[in-house]
Amino acid sequence: MQHRDSWGFLTERDLGMDREAIKQSLASHVEYTQGKDQYSVSRLDFLQSLSRAVRDRLMDRWNKTTQRNRRPEVKRVYYLSLEFLMGRLLRDGLVNLGLLGETRAALEEMGLDLDDVLESEWDAALGNGGLGRLAACFLDSMATLGIPAMGCGIRYEYGVFRQSIVDGAQVEGPDNWLRYGNPWEMPFPERLFPVRFHGRVQPRRDERGRTVFDWVDTQVVMAMAYDVPVPGFRNGVVNTLRLWSAKASREFDFHNFNRGDYIEAVHEKNATENISRVLYPNDQVSQGRELRLKQEHFFVSATLQDALRRHIVQHKTLANLHEKAVFQLNDTHPALAVPELMRLLVDERGMGWDESWAIASRCFAYTNHTVLPEALEQWPVSLLEHVLPRHLQILYEINERLLGEVRRRWPGDEERVRRMSLVAEGPERRVRMANVAIAGSFSVNGVSALHSKLVREQLFPDFADLWPQKFNNKTNGITPRRWLLGCNPALSRLISSRIGDGWITDLEQLRRLAPLAEEAAFRNAWREAKRQNKLRLCRRLARDPGVEVDPASMFDVQVKRLHEYKRQLLNILEVYAQLLDLRRGRPCDRTPRTVLFGGKAAPGYEMAKRIIRLIGAVARAVNGDPEASRFLRVVFVPNYGVSLAELLMPAADLSEQISTAGTEASGTGNMKFALNGALTIGTLDGANVEIRDAVGPENFFLFGLDEPGVREVRARGYDPWTYANADVSLREALESIAGGELSPEEPGRFRPIVDSLLRGGDTYLLLADFASYRECRREVAKVWADPERWTRMSILNAARMGRFSSDVTIANYAREIWGVEVQRGGEGGGR
């Protein structure tokens, strides 16, 4: 019997959740959606068909979630992020619907392997690193906790780039992830909003005698919505990730077309749609900077127009917008939302400035993600004047009122005024987007305890003096659904067999594993799960990049975005020093070890790309050395992303979290590794501090200067030569690299790296921490030689990671910032 609602629509019960129903849905989509039969069907057809079969089972939940959130009492969260690094979505859907087992059985009966189908899905290329992956974890937790929330970003056609390694060097190519379509997205061509650029501002008097501003002669780009479902874990909630795609306001110019100028006829369309073409265009050139500014305005404008439309339909007034909507700004990229909401309220809705500011400044909450002043986003005033002239006027008005308040509080303190101004004066005047976000938000949070302390005391102390109530900490977290249940089935089964599966939504239950660390049988089973994960990774490495490694060796892993402060250079420098010690006959560690690197360097970041090339050169030297290769291997795994992380993190024995203390805001890779039983070697930086506190100092390999120590070394005048000359292994490694021993065909290739350390001041104190790092690695080797001790430490690391669930983080956001209730079922953000 079929179940239909009053409109005649089928309900979720008709689709069925058993293997026979899944087989029927899969076969139906193969024939009627893909247009194939049993003779022509391909693995891609199976992927598309199975994805649609799962999406079908989400639709009724999705629509019901949307309907519930049309109730007047509901407050919505809009999570604005330039990145959402979602990874593959099919397994997430199966896991969260509770369909993984039935689907695997259904496909086996059809002669198919579910893992083969899952492996054929491309990662959604909507992000680059930790910022985007954090946003994806947060979406999962918001849905699982039943929070009415919507992620808002850009539907990038090509994403950041696809990395390949050619002759040791990074080569960027397009990541054409939409080549075969995206079965998860729902296009809404009727959900279209105009986004404006350029033009000029024309003041006039309105009928009430007020001065109003018309933004005229603008270029208009249309923003079209594509929705992706975000299911909660078995709670009936399906929230929405809404991605905006740029569409031309007209397809082509008929005048040029009729003249025979076909290329020029579509030029405007192509130029317009470039806005959603690529994530992070190269901002080393002026066109790239302008395009990135346009991207940021494009998605916040579309999101705000969409939110105001929805709010007016439900509440008939914007006076209570701040009571029914909150916009979380994930870093400074969405900070243009502050002047854009003011423009919409003042210019488009005719509201007064004071009334509009009272609403807008209670709508926004800002998350800061960096402690590096040079990484805080700033836009040249000249560029804003060219691209967004009305917004620049609004920013000037906000700034004037802000500085007036500062001068009243601290009369005569013009240095404070200068620091707090939204506009940095200088040869090129620039707008400080972090200051804009702080001024326009009711909450400002850091993402680890140390980071939030540095934000208050070092990065923005003047704003913390003015508005202490705004500043708070929300330590980042990770979703256990993807980062243990999904990516590590062997360990997940072992854990659930002993403590049940309540940990999936309450990660603190992993504490019940701690006593099991003393059971020999459990330790053996834990090691076997790790061995299976290492064998799985070995098979992948044999295919790409074509390297054989020993699964019995220690898997020592550093995978993250390439940046000097993350200090991949420290890691590879120590490896090379070890090789030279071996060749020079000096004592060296012979622990069997496979050192794995992965990560992308920004296309315009030449030093990071040079470090990748150095890693490749050291890998060739080590792997090609008859003696060293017996116990040491170095591998750079290309095109690091979410799906590769899901193989690397369960297989890792040692997690390298070695950034300079005081530079990493939080990090979430450190949490993922520890949750999967890897031990951490790291500094007291970012969330490492809290991880060490949680797992216990005895279960964490600590080295290096802490943040006060870093400041002290710099204050007394840091001389990197002192450290280089004091350590013969370090000195010889630097001399060898600078002298071209690793690059005889181009002897000067790596000299800039050594110069940055010895002559460039060694900004991130690699040489100061080298000896401590080396000694800590020796301690790691000693513990590795005792498998029982290592396994106990591994179990305790995983057991004590409960506080780092993104469910905990999001519950804190909901309670302490957003003012929304957590409900594990029955709510959600819908559309």
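How many residues does helix α33 have, and what distance does α33 reach from its first C-alpha to its last? In this predicted model, helix α33 runs over residues 766-784, has 19 residues and reaches 25 Å between those two atoms, which is close to the 27 Å expected at 1.5 Å a residue. Along its course α33 bends by about 25° at Ser-772. Its buried residues include Leu-766, Leu-767, Phe-770, Tyr-773, Val-780 and Val-783, and the charged residues Arg-774 and Arg-777 are also among the buried ones.

Arg-777 leads from this helix to another part of the chain. Glu-656 forms a salt bridge with Arg-777, and the closest N and O atoms of the pair are 3.0 Å apart. Because Glu-656 lies in strand β20 (residues 654-657) and Arg-777 in helix α33, the pair ties together parts that are 121 residues apart in sequence. Both Glu-656 and Arg-777 are buried.

Another salt bridge is formed by Glu-698 with Arg-800, whose closest N and O atoms are 4.0 Å apart. Glu-698 lies in the loop between α28 and β22, and Arg-800 in the loop between α34 and α35, so this pair ties together parts that are 102 residues apart in sequence.

The cysteines can be considered next. The count of disulfides comes to zero, and Cys-137 shows why for its own case: its sulfur is 11 Å from the closest cysteine sulfur, in Cys-487, which is too far for a bond. Cys-152 is likewise in no disulfide, and its nearest cysteine sulfur, that of Cys-363, is 13 Å away. Cys-137 is buried at 1% relative accessibility, and Cys-152 is buried with a relative accessible area of 2%.

The C-alpha atoms of Pro-650 and Gln-532 are separated by 9.4 Å, although the two residues are 118 residues apart along the chain.

Technical notes:
Residues are numbered from 1 along each chain as its sequence is written. This is a predicted model: local features need pLDDT of at least 70, side-chain atom pairs count only at pLDDT 80 or more; totals for chains, interfaces and linings use all residues. Side-chain values use heavy atoms; hydrogens and water are left out. Helices (H or I, at least four residues) and strands (E, at least two) are DSSP runs, numbered from the N terminus. The expected span of a helix is 1.5 Å times one less than its number of residues. The bend at a residue is the angle between axes fitted to the seven residues ending there and the seven starting there. Buried means under 20% relative accessible area, exposed over 50%, partly exposed in between (1.4 Å probe, protein chains only). A disulfide is a pair of cysteine sulfur atoms within 2.5 Å. A salt bridge is a side-chain nitrogen of Lys or Arg within 4 Å of a carboxyl oxygen of Asp or Glu.
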